[in-house]
Amino acid sequence: YLFSDEHMTIADLSAVCEIVQLKTTDFDFKAFPKLDAWINRCMEEYPEVKEAQKEFFEFHNSLQRPKL
């Protein structure tokens with residue numbers, strides 16, 4: 001985690017909820033393996049975080065995107 005190896009902090013919670021929204025773009029998380037691992041750790045160890053983001057991703061996926 002950001003400030004502790006053992007426990008998620010409020011900083012982790014706040015940051016992961018914002019950063020994970022980049023998954024709706026073409027952002028390449030694999031270019032940043034530590035960031036990708038941190039996001040996955042937060043989501044796996046705290047399923048509430050994943051559940052909180054679920055509605056956002058469902059809403060995002062429901063939007064019609066203009067074709068370029």
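Student: Why does Val16 count as buried?
Tutor: Buried means under 20% relative accessible area, exposed means over 50%, and partly exposed lies in between (1.4 Å probe, protein chains only). Val16 has 0% relative accessibility, so Val16 counts as buried.

Student: What kind of model is this?
Tutor: It is a predicted model, where local features need pLDDT of at least 70, side-chain atom pairs count only at pLDDT 80 or more, and totals for chains, interfaces and linings use all residues. Residues are numbered from 1 along each chain as its sequence is written, and side-chain values use heavy atoms, leaving out hydrogens and water.

Student: What makes up the protein's secondary structure?
Tutor: Three helices and zero strands. The order from the N terminus is α-α-α. Helices (H or I, at least four residues) and strands (E, at least two) are DSSP runs, numbered from the N terminus. Val16 sits in helix H1.

Student: Which residues does Val16 touch beyond its neighbours within four places in sequence?
Tutor: Met8, Trp38, Ile39, Cys42 and Val49. Contact here means heavy atoms within 4.5 Å. Take Cys42: it is 26 residues from Val16 in sequence, yet the two C-alpha atoms are 7.4 Å apart in space.

Student: Which other residues of H1 are buried, and what covers them?
Tutor: Asp12, Ala15 and Cys17 are buried in H1 along with Val16. The cover includes H2 and helix H3 (47–62).

Student: What makes a group of residues a nonpolar core?
Tutor: The members must be buried Ala, Val, Leu, Ile, Met, Phe, Trp, Tyr or Cys residues, joined through side-chain atoms within 4.5 Å. The largest such core here has 12 residues, among them Val16, Cys17, Cys42 and Met43. Helix H1 (10–19) and helix H2 (33–45) each give two or more residues to this core. H2 supplies the largest share, four residues. In general, nonpolar side chains in soluble globular proteins tend to be buried together.

Student: What does Met43 touch, leaving aside neighbours within four places?
Tutor: Val20, Val49, Lys50 and Gln53.

Student: Why do Lys30 and Asp36 count as a salt bridge?
Tutor: The definition asks for a side-chain nitrogen of Lys or Arg within 4 Å of a carboxyl oxygen of Asp or Glu. For Lys30 and Asp36 the N to O distance is 2.8 Å, so the pair meets the definition. In general, side chains of opposite charge can pair when their charged atoms come close.

Student: How many salt bridges does the structure hold?
Tutor: Two. Glu45 and Arg41 also meet in a salt bridge, at 3.2 Å from N to O. Both lie in helix H2, four residues apart, about one turn of the helix. An α-helix has 3.6 residues a turn, so residues three or four places apart point the same way.

Student: Why are Glu45 and Arg41 called partly exposed?
Tutor: Glu45 has a relative accessible area of 43%, so Glu45 is partly exposed. Arg41 has 26%, so Arg41 is partly exposed as well.

Student: What makes the nonpolar surface patch?
Tutor: Leu22, Phe27 and Phe32 make a patch of about 250 Å². Patches take residues with over 30% relative accessible area and no salt bridge; like charges are joined within 9 Å, nonpolar side chains (Val, Leu, Ile, Met, Phe, Trp, Tyr) within 5 Å. Phe32 lies in the loop between H1 and H2. Its relative accessible area is 42%, so Phe32 is partly exposed.

Terms used
Accessible areas come from the Shrake-Rupley method with a 1.4 Å probe; for residues, only the protein chains shown count as cover.
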